[in-house]
Amino acid sequence: MPALFGQLAQPLHYAERLLASFTQLARSRSKQQLQDGLAEAAGTLSGAALSQLYLLDVTHTQLTLTAEWLDGRRYERDTGALSSDYRDEQLLQYCLTQNQPLYIEQLDNHLYATDFLPADAGNWCSLLCLPLQDDQQHVSGLLLLASREAAQLKVYGDSLHLLGNFTLHQLQLLQQARPEPAPRPAEPTPALSRSYGLIGESPAMQQVYQLISKVLHNPVTVMITGETGTGKELVARAIHDYGSRRSQRFVVQNCAALPEHLLESELFGYRKGAFTGADRDYRGLIDNAHCGTLFLDEIGDMPLTLQAKLLRVLQEGEVRPLGSNETRKVDVRIITATHQNLPEMVSQGRFREDLYYRLAPFPIDLPPLRERGDDIQLLARRFAEEACRFLNRDACQWAGGTLEQLRDYGFPGNVRELKGMIARALLLCEGNLLLPEHFNLPDDSNPSSAMSLRDRLERVERNLLLECLQRNQGNQTSAASELGLPRRTLLYRMQRLNINPADLKARERNHV
Ligand SMILES: Nc1ncnc2c1ncn2[C@@H]1O[C@H](COP(=O)(O)OP(=O)(O)OP(=O)(O)O)[C@@H](O)[C@H]1O
């Protein structure tokens, strides 16, 4: 307690008033009453002319001014005039993203934009902004004090921070007890409200957008998984571009692209003379991404020795360049991506378990394109429009059945494959009419040239026999008996279906 009130002129008196404010807030029965109550208490306790409460919405993408206390009374201004998105308010954004109190004794309006302060109420001099955390310790709002003269607002920081957090807790309790009706969405289709620059409206992609919204303002380490070409890098960029670090760097490194020693010096940097050829100091990518985001693609390909070094960066928040005895503190948000099955790699000792758990507290799994339903048509149309614009061509037309055929195709290369297909088709088509033949879809998606029934049945039978042989460690006698066939029939079918021991080995390898 002394640390809370130590610097105040009348600590006991202040403590009594603070206690009364806690009690008052605990009695509040509505959200607005609570919010106004906090703004009033903060203004009255500190003597600051202005106090404001800002809250983040559930998706943590918008910051709204929810209560304001000015010169001893509740202040209501036309909030429509104030952006409900704090994106442009750098002081507020700083406080939210750093999760640190911000105290400015002498506001210099040339240095700081303060459009969030009521301009018609005089000139503002000192400011204290406190990030507030919810029960899960996530930053969920800001409590702000401002005075017109130079004032030591800082001394109220700790106690008002406690009061603010208590208010958030009470708000959560009220919400649980009596959920208030959701505000009317501004847009007609709320489900499609935000896609962060990605194309897709399917339920699978809506789920991805929902997950993205959760991590924009929370620097949790994210791991993006999904087949090749599903948009993993695009999602990583979206998290950076729409999140609180957007004004800082987004640094990308593909871990499969470089041999171990190069990847190490690229990521961690080196000092002059660290190895032959190191003729100058070199700042690594981790250092370069300080305050920003480092996207490590194909993390499953990172060699084990580097995994240990990366783990240290995550645990200690510091990086040590090659050839240096000194470490440097870094604040980097790490996003990783992989198309590999990392848990399986962990069980095989090919990926460190401790690193895996550090990297994957918030996984986002991107669905393959074939599971996104009508998104295929939507993406195809959009890509074609973009390409026509780029090529300075008139908008193209789609011949009947073309989009339907695309929808039926499996797209092993996912969105990247579709994008490439559209670009190629536009070059092939004449008169801007896209026809099925311009897409050169593989046979099995084209009903007219589909595999015959016989071929399909043979494929099924081949797989059945291979599985059975594998279960029986290649022993043909046991496999034949499990299948209820004479051994010579099995041998005949194997010969007919072109099954040999090499197939079994390849299959075993794929299953490891
Ligand atoms: N939902 C989407 N909307 C628009 N474009 C997309 C979408 N998803 C992917 N793309 C495009 O598809 C291409 C491949 O995307 P990206 O490189 O992000 O995939 P990836 O999963 O990281 O691939 P890889 O596994 O090969 O690294 C890019 O051109 C990207 O712009």
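What follows is a short exchange on a strand and a ligand shell.

Modeller: This is a predicted model, in which local features need pLDDT of at least 70, side-chain atom pairs count only at pLDDT 80 or more, and totals for chains, interfaces and linings use all residues. Residues are numbered from 1 along each chain as its sequence is written.

Biologist: Why is strand β2 called largely enclosed?

Modeller: A residue is buried if 20 or more other C-beta atoms, placed from the backbone, lie within 10 Å of its own. Six of the eight residues of β2 (residues 63–70) are buried, so the rest of the structure largely encloses this strand. Strands here are DSSP runs of E, at least two residues, and helices are runs of H or I, at least four, numbered from the N terminus.

Biologist: How do you know that β1 and β2 pair?

Modeller: Pairing takes at least two bridges found by DSSP. Seven bridges join β1 (residues 50–56) to β2, and the two run antiparallel. Leucine 56 has leucine 63 in β2 as its bridge partner.

Biologist: What makes β2 and β3 a pair?

Modeller: Two bridges join β2 to β3 (residues 73–74), also antiparallel. That meets the cut-off of at least two. Leucine 70 is bridged to arginine 73 in β3. Two residues lie between the strands of this hairpin, where aspartate 71 takes a positive phi near 50 degrees.

Biologist: Which residues are closest to the ligand?

Modeller: Ile199, Gly231, Lys232, Glu233 and Val415 are the closest of the 17 residues around the ligand. Helices α7 (232–241) and α15 (414–428) each give two or more residues to this shell. A residue counts as near if its C-beta atom, placed from the backbone, lies within 6 Å.

Conventions: Buried ≥ 20, exposed ≤ 12 C-beta atoms within 10 Å, placed from the backbone.
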